[in-house]
Amino acid sequence: MTKLTIVMPCYNEGERIYRNIMETITQVEKFCKSFRIIVVNDGSSDESDQEIMRAMQQDSRVGRITYIPNKGKGFAVRRGMLAAKSEYVAFLDADLELPPHLLEDYLKTAEGDKKTKGYDIVIGSKMHPESQVEYPVLRKIMSLGYYWFLKILFGLKLKDTQTGIKLFRTESIQPVLKLMRTGRFSFDIEMLAIASKMGLRIKEMPVVVNFSRNKDNKSKISLSSIYEMVRDSFRIKMYVSKLKV
């Protein structure tokens, strides 16, 4: 069985997706000899699909799922993770603001050793004291505000649910994925809320973040996205509270 599948959701990343796929391979093969990358083309309108296929021709460990129209990051991640046939599955943002080599320690933590049991889910956290974070002040304020909002709403003992790098024991997360309904930005909180209710063991780990978007390539998080996340969070709370797991 393949050790690790990395799901990379992609929407209009045509200018850099080939380069970032190949960089992910370079970093991951240094610590994991048995892995696969599934790039999910989430209805891109640029050359993303052609660039993904170019990477597939270059390396047989690259796979592709593509569809139209765009259905949101949550749908793309869930679709890719459900296709994984490996012991562990991770997802990683396609812009590589979070370097793939972080998954080495995440994988070791999930596996555990003679002294520790291991974890079902290992998530990156910008609020971890060992994290190295460099991104706009507004993003920091938004992250902190959303943390307190979710803490009050769900009572999760997690400081950061939204960072775009997470690793899972595949057999543990598959039942969670089948219960999920959210397709866009709030999918992380739905996933973690259901997993917590199921009693899965979750561990936060540090990240290294380099915010790469300039003034002409702004963050994808807009005011409408914030409204959507808050609205969906209330809906998720109602849905998860009624689940019998």
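# Reading a predicted protein chain

Guide: Buried residues, meaning those under 20% relative accessible area, with exposed over 50% and partly exposed in between (1.4 Å probe, protein chains only), make up 52% of the 245 residues in the protein chain. This is a predicted model, in which local features need pLDDT of at least 70, side-chain atom pairs count only at pLDDT 80 or more, and totals for chains, interfaces and linings use all residues. Residues are numbered from 1 along each chain as its sequence is written, and side-chain values use heavy atoms, with hydrogens and water left out.

Visitor: How many helices and strands are there in the protein chain?

Guide: Helices (H or I, at least four residues) and strands (E, at least two) are DSSP runs, numbered from the N terminus, and on that basis the protein chain has 8 helices and 9 strands. Its radius of gyration is 17 Å, close to the 18 Å that the globule rule gives for 245 residues, so the chain is as compact as a globular protein of that length; the radius is taken over C-alpha atoms, and the rule is 2.2 Å times the number of residues to the power 0.38.

Visitor: What share of the contacts in the protein chain with a separation of 6 or more comes from residues 24 or more positions apart?

Guide: With contact meaning heavy atoms within 4.5 Å, such residues account for 80% of those contacts.

Visitor: Which residues of helix H6 are buried, and what do they pack against?

Guide: An α-helix has 3.6 residues a turn, so residues three or four places apart point the same way. In helix H6 (residues 170-179), the buried residues are Thr170, Ser172, Ile173, Gln174, Val176 and Leu177, and they pack against helix H3 (73-82), strand S4 (86-92), S5, strand S7 (165-169) and helix H7 (187-197).

Visitor: Where is Thr182 found, and is it buried or exposed?

Guide: Thr182 is found in the loop between H6 and H7, and with a relative accessible area of 13% it is buried. Leaving aside neighbours within four places in sequence, Thr182 is in contact with Gly74, Phe187, Glu190, Asp232 and Ile236; the C-alpha atoms of Thr182 and Asp232, 50 residues apart along the chain, are separated by 7.8 Å.

Visitor: What backbone geometry deserves a second look?

Guide: Most residues other than glycine have a negative phi, and most peptide bonds are trans. Here a cis peptide bond, with omega about 0°, joins Ile68 and Pro69, and Pro69 lies in the loop between S3 and H3. Asn12, although not a glycine, has a positive phi of about 50°; this residue is in the loop between strand S1 (2-10) and helix H1 (17-28) and is partly exposed at 31% relative accessibility. Leu96 has a positive phi near 60° in the loop between S4 and helix H4 (103-111), and Leu96 is buried, with a relative accessible area of 17%.
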